[in-house]
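Visitor: I would like to learn how to read a protein structure feature by feature. Could you walk me through one?

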Amino acid sequence: MNPIDLRSDTVTKPTAEMRAAMLAAEVGDDVYGEDPTVNRLEALAAARLGKEAALFVCSGTQSNLLALLSHCERGDEYIVGQQGHTYKYEGGGAAVLGSIQPQPLDYEPDGSLDLGRVEAAIKPDDSHYARTRLLCLENTQGGKVLPLDYLKKAHEFTRARGLGLHLDGARVFNAAVHLKVPVTEISRHFDSVSVCLSKGLGAPVGSVLCGSSEFIAKARRWRKVVGGGMRQAGVLAAAGIFALENNVERLARDHENARALAQALSSIEGVTVAPGGARTNMVFINVEPQRGVIEVLRDEDVGHIRKAADFGRHVQRKLVAGPLVRAGDLHVDGRLHAHVQHRVHQAS
């Protein structure tokens, strides 16, 4: 039995067709702006997102970092979700490298940030405080898709208060596919958008940061400062082009697989799928405290199970599972992203 790795959609591997595109890529020196394949990817990404320009970078973390460094100066502040990737999972880069202060707020159940609470968090124009300059949203957030009317309100909110608006859109194409709208219906509300190519889109490396020409010029300089300049990067950019041209629509299949996985897991005694079931390409489940997640699935003959990570006393764990051999011989696609949340109840 071949296991299917469900820790993350980052474990995708390039297809034979994508590898062929990489092999055939025309290359040059991208630091000099002379790699034609990188230039083509950046133009394609900008057009897809409805922005003037784009910048190819090595990772989503670097893309978000460059966005924060370009929007903010030393002593400035950005408002972000407590569980937001830019705040919690990127090593504190904005603070470490940019002296930019994060102001985290709790997410609402739908993955949004309450704009009333955001307004209350904006600092007065006073030398005692950091200067609030940016609101950072995430879409999808934990697999949840932000409503389009909320994005419009967030845009109007930031404009009225002189703030920038950045989207960590690592999975923004998942959101667009879920809503059945062009991705520009999401991206048009933001000053800058970071898009990951190496998650469900299947490229081996890279993200693109999209925004105005002036903004991207500033981000390009910051990319060099943080050591992100790449030379003959066309072999990587070719994979990104292939992903944008061929793999967006197929994200709907990942969502279907996630729904099927959620339904199958919900039939297992001791396992409860989180309210709402599958969230685009993510599934969250709760396991009875007396039974470990691995034991529950092994007992139900779900297939090859192994522990992906152990976060000690943290409540969230991730799972690697093979094809479900029960519950109707469910087929699970390798790009499916399943998070397993294990609620740990301890005696007081």
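Guide: Let's start in a loop. Thr140 lies in the loop between β4 and α7 (148-160). Keep in mind that this is a predicted model.

Visitor: What is the peptide bond from Asn139 to Thr140 like, cis or trans?

Guide: Here is the general idea first. Most residues other than glycine have a negative phi, and most peptide bonds are trans. In this model, the bond joining Asn139 to Thr140 is cis, and its omega is near 10 degrees.

Visitor: Let's move to strands. How do I read a sheet?

Guide: The general idea is that strands of a sheet pair through backbone hydrogen bonds, either parallel or antiparallel. In this model, 7 strands form an open sheet, ordered β1-β7-β6-β5-β4-β2-β3, with mixed pairing. The edges are held by β1 and β3 (101-105); each has a single partner strand, so one side of each has no neighbour in the sheet. On average, neighbouring strands of this sheet are turned by 20 degrees against each other, direction ignored.

Visitor: Which way do β1 and β7 run, parallel or antiparallel?

Guide: They run antiparallel, and 5 bridges join them. For a parallel case, take strand β5 (residues 164-168), which pairs with β6 over 3 bridges. There, His166 stands opposite Ser192 in β6.

Visitor: Where do the side chains of β1 point?

Guide: In general, the side chains in a regular strand alternate between the two faces of the sheet. In β1, Ala53, Leu55 and Val57 point one way, while Ala54 and Phe56 point the other way. As for cover, 5 of the 5 residues of β1 are buried.

Visitor: What lies across β1?

Guide: Helix α3 does, and it also lies across β2 (76-81), β4 (131-138), β5, β6 and β7. Its direction is at about 25 degrees to β7. Within helix α3 you will find Asn64. Asn64 counts as buried because its relative accessibility is 1%. Leaving out residues up to four places away in sequence, Asn64 touches Thr86, Glu90, His166, Asp168 and Ser194.

Visitor: Which residues of α10 are buried?

Guide: They are Phe215, Ile216, Ala219 and Arg223. These residues cover an arc of only 90 degrees around the axis, which puts them on the same side of α10. They pack against β1, α3 (60-71), β6 (192-196) and β7 (207-211). The face turned away from the buried side of α10 carries the exposed residues Glu214, Arg221 and Val225. Just after α10 comes Gly227, with a positive phi of about 80 degrees.

Visitor: And what covers the buried residues of α11?

Guide: The cover includes α1 (16-23), α2 (36-49), β1 (53-57) and α8 (172-179). Among the buried residues of α11 are Gly234, Ala237, Ile241, Phe242 and Leu244.

Visitor: One last item: how many disulfides are found in the whole structure?

Guide: The search finds 0. As for individual cysteines, Cys196 counts as buried at 5% relative accessibility, and Cys210 counts as buried at 0%.

Conventions: Residues are numbered from 1 along each chain as its sequence is written. This is a predicted model: local features need pLDDT of at least 70, side-chain atom pairs count only at pLDDT 80 or more; totals for chains, interfaces and linings use all residues. Side-chain values use heavy atoms; hydrogens and water are left out. Buried means under 20% relative accessible area, exposed over 50%, partly exposed in between (1.4 Å probe, protein chains only). Helices (H or I, at least four residues) and strands (E, at least two) are DSSP runs, numbered from the N terminus. Contact means heavy atoms within 4.5 Å. A disulfide is a pair of cysteine sulfur atoms within 2.5 Å. The arc is that of the directions from the helix axis to the C-beta atoms. Two strands pair if DSSP finds at least two bridges between them. Axes are lines fitted to C-alpha atoms, for helices over the stretch in contact, and angles run from 0 to 180 degrees between N-to-C directions.
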